[in-house]
Amino acid sequence: MKKIIFTLFLLTFSLSFSNSDIDILSSKVWNCSSLDSTLRGLIYVKFLTKENEPYISFSQIDSRAALKTGKVTLELSQLDYEVKEDEKSIYFTNLNEKTKDFSNYRLSYSFDKKNRPKMDLYRISDNKKLCSLITN
């Protein structure tokens, strides 16, 4: 009986003080080299907060254009997001004319046996994996 009570106590204690999945994911800067031509160059994803509102900073650095133009281009987007825990996915919201392309993308996350986070970028329309994000 004591073992059951102790186990229930530990379970309750760990649930009340555990970090959510997003807390774990947001503590890192994620990057990938895009495998898909629709997303150009090196991609960085960082979870941030401004005025207590969380958002994702999504930046693309296209160094391939430098070979033709001599310039490296940087596109930076600030996107709100919605987490669907049952799908273990993050969807971008507040899309405007400039960022409407992101309506077709989602970030999928998982954790390995050692509780290390993994994240991938998928295109929603065909569920194609565009890149696996890694942490710095």
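Student: What is the bridge partner of Lys46 in strand 3?
Tutor: Ser57 in strand 3 is the bridge partner of Lys46. Helices are DSSP runs of H or I with at least four residues, strands are DSSP runs of E with at least two, and both are numbered from the N terminus.

Student: On what basis are the coordinates and values given?
Tutor: This is a predicted model, in which local features need pLDDT of at least 70 and side-chain atom pairs count only at pLDDT 80 or more, while totals for chains, interfaces and linings use all residues. Residues are numbered from 1 along each chain as its sequence is written, and side-chain values use heavy atoms, without hydrogens and water.

Student: What makes strand 2 and strand 3 a pair?
Tutor: Two strands pair if DSSP finds at least two bridges between them. Strand 2 and strand 3 have nine bridges and are antiparallel, so they qualify. Two residues lie between these strands in the hairpin, where Glu51 has a positive phi near 55°.

Student: In what order do the eight strands close into a barrel?
Tutor: The order is 1-2-3-4-5-6-7-8, with antiparallel pairing. Neighbouring strands of this sheet are turned by 35° against each other on average, direction ignored. For that angle, axes are lines fitted to C-alpha atoms, for helices over the stretch in contact, and angles run from 0 to 180 degrees between N-to-C directions.

Student: Why is the link between Cys32 and Cys131 called a disulfide?
Tutor: The term requires a pair of cysteine sulfur atoms within 2.5 Å. The S to S distance for Cys32 and Cys131 is 2.2 Å, so the pair meets the rule. The count by this rule is one disulfide.

Student: What makes this disulfide left-handed, and which parts does the pair tie together?
Tutor: The torsion about the S-S bond of Cys32 and Cys131 is about -60°, so the disulfide is left-handed. Cys32 is in strand 1 (residues 29–33) and Cys131 in strand 8 (residues 128–135), so the parts tied together are 99 residues apart in sequence. Both Cys32 and Cys131 are buried.

Student: Is Ser108 buried or exposed, and how do you know?
Tutor: Buried means under 20% relative accessible area, exposed over 50%, and partly exposed in between (1.4 Å probe, protein chains only). Ser108 has 16% relative accessibility, so it counts as buried. Ser108 lies in strand 6, and its contacts (heavy atoms within 4.5 Å) beyond four places in sequence include Lys88, Met119 and Tyr122.

Student: Is Glu53 buried or exposed?
Tutor: Glu53 has a relative accessible area of 51%, so it is exposed. Glu53 is in strand 3 (residues 53–62), and its C-alpha is 8.4 Å from that of Asp80, 27 residues away in sequence.
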